[in-house]
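This briefing covers aromatic ring pairs and one further residue. Please look over the sequence and the structure before reading on.

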Amino acid sequence: MGCKFAQVPISEELAIILEKHWQRFSEIEQKFITCLSDKIEPVPISQLLTDTQVSPQELFNTIKSVGRHFLIETKMQEQETLFSVLLVFRQYVISTSEDDKKSHYV
């Protein structure tokens, strides 16, 4: 049985607010958020290091920075911290990247 997440309707007003947040992030922060948004389940830092291909210090700084915007969630599991993106922001990132892919094929 596959794991699915509920689609969150994003109003135009909310999309504008989320876009402003997105534009404020650095390239590495956007890469981090996109990486997390691609995952259905929360992921450990070891997987984030592999997926983002940044140094541990860069990843730590990125997590702190993005965390200040309250857009990531942490969860403890078997003495390991797991990370995920808030559902509404995840949905925004996924829909934006899908729109970007579609625009490349037009």
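Is Trp 22 buried or exposed? In this predicted model, Trp 22 has a relative accessible area of 12%, and it counts as buried because that value is under 20%.

A pair of aromatic rings is described by the distance of the centres and the angle of the planes. Searching the whole structure gives three aromatic pairs.

**Trp 22 and Phe 89**
- The rings of Trp 22 and Phe 89 make a tilted pair, with 6.3 Å from centre to centre and 50 degrees between the planes.
- This pair links distant parts of the chain, as Trp 22 is in helix 1 (residues 12–24) and Phe 89 is in helix 5 (residues 87–104), 67 residues apart.
- Phe 89 is buried, at 1% relative accessibility.

**Phe 25 and Phe 89**
- Phe 25 pairs with Phe 89 in an edge-to-face arrangement, at 6.4 Å centre to centre and 75 degrees between the planes.
- Phe 25 sits in the loop between helix 1 and helix 2 (27–37), while Phe 89 is in helix 5, so their pair ties together parts 64 residues apart in sequence.
- Phe 25 and Phe 89 are both buried.

**The cluster**
- Trp 22, Phe 25, Phe 89 and Tyr 92 are linked into a cluster by ring pairs.

**Thr 62**
- Helix 4 (residues 56–67) contains Thr 62.
- With a relative accessible area of 5%, Thr 62 is buried.
- Apart from neighbours within four places in sequence, Thr 62 is in contact with Ile 28, Glu 29 and Phe 32.

Methods: Residues numbered from 1 in each chain as written. Predicted model: local features only at pLDDT ≥ 70, side-chain atom pairs only at ≥ 80, totals over all residues. Heavy atoms only, no water. Phe/Tyr/Trp six-rings, centres within 6.5 Å; stacked < 30°, edge-to-face > 60°. Helix = DSSP H or I, 4+ residues; strand = E, 2+ residues; numbered from the N terminus. Buried < 20%, exposed > 50% of the residue type's maximum accessible area, 1.4 Å probe, protein only. Contact = heavy atoms within 4.5 Å.
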